[in-house]
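Biologist: I would like to learn how to read a model like this one, feature by feature. Please give me the general idea each time, then the case at hand.

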Amino acid sequence: MKSTRSRRKMAPAAADAGDSGEKLEQLLISSAICNGEDLGPFVRKAFASGRPETLLHHLRHFSRSKESEIEEVCKAHYQDFILAVDDLRSLLSDVDSLKSSLYDSNSRLQSVGGPLLSSLDSFVDAQNVSKNVDYALQSVTLCIKLMELCSRANHHLSNGSFYMALKCIDSIENDFQDKTPSSTLKKMLESKIPEIRSHIERKISKEFGDWLVEIRVVSRNLGQLAIGQASAARQRAEDLRTKQRQAEEQSRLSLRDCVYALEEDEEEEGLGGYENEGYSYGNNSVLGFDLTPLYRAYHIHQTLGLEDRFKQYYFENRKLQLTSDFQVSSMTPFLESHQTFFAQIAGFFIVEDRILRTGGGLISKTEVENLWETAVSKMCSVLEDQFSRMQTANHLLLIKDYVSLLGVTLRRYGYTVGALLDVLSKHRDKYHELLLSDCRKQISEALAADKFEQMLMKKEYEYSMNVLSFQIQTSDIIPAFPYVAPFSSTVPDCCRIVRSFIEDSVSFMSYGEQLDFYNVKKYLDRLLSEVLDGALLKLISSSVHGVSQAMQVAANMAVFERACDFFFRHAAQLSGIPLRMVEKGKRQFPLNKSRDAAEEMLSGMLKTKVDGFMTLIENVNWMTDEPSQGGNEYVNEVLIYLETLVSTAQQILPPQVLKRVLQDVLSHISEKIVDTLLGDLVKRFNVNAII
């Protein structure tokens, strides 16, 4: 074909004797046709030259030249066809021989393969039977495992092991329910599994309900125990402070005594450390309560996929319990029920703190804080209401002590108790008003019972209880017994009342924060300057009759002056203020009005007595020639009276008090003499009369 195609593209090269231009044109047309070019230019040229016949002649010539080529190609193809027919004929004979050979082979194959096929059919049947048996064995094995799991689940259910029962049920549901070949078993599982889960949920909910009932009682006991431990810790701290104060007071003793006191403190501190080692607010052995039923219920509900619902159910129930704990019985006085009330709330939040830390997200910190804010608000409301009704200082102090212990206890668990302490601070003035009223009554009773006689102490313990305990002794030497004190029994009685006031005041104002000594001092000043001073003034103005009673009251006032120094030191020690800071400033004696009144009354009585002797001054001879050897009679009586008075007064009155009184009396005598000399009674007098 390539040779033929190449021949098509070659222009005829015949050179004939004739017109060479026509040959060239014929050659060009042949070349254009062979190359597939456009013949339009040749057609236009032929018609333009008026010789279209020449163009037709050339085209016919080209056609004739191609017919010979076509004929050659057909001849070549015919020869190939003849050869192919010959090949097919030879192939046909080969096919016939192959056919006969295949027929023979098929016959032999049929004769050999027949028995094999029958054996194969038997094998296939046996294999199907084997598969069926294997499937049956697998089904039986599966059913056995399923029944074992069911039996295990029933066993766990009967033993109350609900979590293990649920794990068995989950395994049955995930691994066996869809694969179970038995429709009966499948229907049974589909109906029983939800029933079992519902049964477990009911049982665990009942256990949780029982726990809710039980935890209320446990919370109350838990709160009482925790607050009791806080009270014991406070008492240990107070004992330690007491020993430290004793060590300060013993600093004036010998070095040996001081060392002994410090060693004793160290032993006590070691004991306290041992006790604190065994004490822990987070230790179940001390504050034991069982959260197993709660955590079990929470775990079971997690396994059941009901975690959020259980959380909500738990929170709502605990909130209802807390609300019921807020109820204050109107049938029982709050003074009797306040410990149970606050202990119940304290135990509630101790339990919630443990659940928050170990519950695995059962309750959130925000929810606990919301519950605590509600509780604080309610407790503040209850305290406000109850404090407003109380008219006894001791009742307020008892409730305040327990509330402060509640604050100390719950602060250890991270709860804020500032609002509760604010309520206590708010009622501080009311408490002290009631306390001052109680002290006023007690002091009035003590003063009314005073017999204005020096106190007799027969034993050393009486001296220690009535003198040393208030530091009103004038000497560190223990006197011989029986001992007659320079004061009457009203002094230690009033000192005990004041000391009790100081301790109660400090106790009320010490609730965890830094105690302000100046508040204690403010109320102590009121007690001394308003209550005690007023009661003494009333006593002096209404109940003192006679010089001996007035002298005893004046002696008592001198002792009270020393006692007031003790009161301020005692208040400072209880407030944790160093004594050197208290002793720096010079304080005014808070009982100065009653002291001045007592001295004025004593002086007035002595002046009245002296005035009785001074009436004899009218009998004096003012113009005597020489001084009398024995002195004037009325002057001698005055001197004897004053000497007797001084000898008696020196036993009970301090020198400075006696000096002030005598100066006042002597000044009065001097004024009386001068007034007499300047009066109308004496017209003339000489030196001898004056002498």
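**Reading the model**

Modeller: The protein exposes about 40,300 Å², and carbon and sulfur atoms supply 54% of it. Accessible areas come from the Shrake-Rupley method with a 1.4 Å probe, and for residues only the protein chains shown count as cover. This is a predicted model, in which local features need pLDDT of at least 70, side-chain atom pairs count only at pLDDT 80 or more, and totals for chains, interfaces and linings use all residues. Residues are numbered from 1 along each chain as its sequence is written, and side-chain values use heavy atoms, with hydrogens and water left out.

Biologist: How many helices and strands does the secondary structure come to?

Modeller: Helices (H or I, at least four residues) and strands (E, at least two) are DSSP runs, numbered from the N terminus. In this protein there are 23 helices and two strands.

Biologist: What share of the residues is buried?

Modeller: Buried means under 20% relative accessible area, exposed means over 50%, and partly exposed is in between (1.4 Å probe, protein chains only). Of the 691 residues in the protein, 37% are buried.

Biologist: What share of the contacts joins residues at least 24 apart?

Modeller: Contact means heavy atoms within 4.5 Å. Counting contacts between residues at least 6 apart in sequence, 78% join residues at least 24 apart.

Biologist: Please show me one residue with such neighbours. Is Gly223 buried or exposed?

Modeller: Gly223 lies in helix α6 (residues 183–249) and is buried, with a relative accessible area of 0%. Leaving out residues up to four places away in sequence, Gly223 touches Ala343, Ala346 and Gly347. Gly223 and Leu406 are 183 residues apart along the chain, and their C-alpha atoms are separated by 8.5 Å. Lys192 is also placed in helix α6, but Lys192 is partly exposed at 40% relative accessible area.

Biologist: Which residues does Asp353 touch?

Modeller: Asp353, found in helix α10 (residues 334–358), touches Tyr413 and Tyr415, not counting residues up to four places away in sequence. Asp353 counts as buried, at 9% relative accessibility. The side chains of Asp353 and Arg357 are joined by a polar contact of 3.0 Å. A polar contact is a pair of N or O atoms within 3.5 Å; within protein, one must be able to donate a hydrogen and the other to accept it, and residues adjacent in sequence count only if both atoms are side-chain atoms.

Biologist: Now charged pairs. How many salt bridges are there?

Modeller: Side chains of opposite charge can pair when their charged atoms come close. The cut-off used here is a side-chain nitrogen of Lys or Arg within 4 Å of a carboxyl oxygen of Asp or Glu. The count comes to 17 salt bridges. One of them joins Glu207 and Arg296, with the closest N and O atoms 3.2 Å apart. This pair links distant parts of the chain, Glu207 in helix α6 and Arg296 in helix α8 (residues 292–303), 89 residues apart. Both ends are partly exposed, Glu207 at 26% relative accessibility and Arg296 at 27%.

Biologist: Where in the chain do Asp525 and Lys521 lie?

Modeller: Asp525 and Lys521 lie in helix α17 (residues 517–542); because they are four residues apart there, about one helical turn separates them. They form a salt bridge, the closest N and O atoms being 3.1 Å apart. A network of salt bridges also links Glu433, Arg526 and Glu530.

Biologist: How many disulfides does a search of the whole structure find?

Modeller: A disulfide is a covalent bond between the sulfur atoms of two cysteines. The test is a pair of cysteine sulfur atoms within 2.5 Å. The search of the whole structure finds zero disulfides. For Cys495, the nearest cysteine sulfur, that of Cys494, is 7.2 Å away. The sulfur of Cys564 is 8.0 Å from its closest cysteine sulfur, in Cys495, which is too far for a bond. Cys495 is buried at 0% relative accessible area, and Cys564 is buried at 2%.
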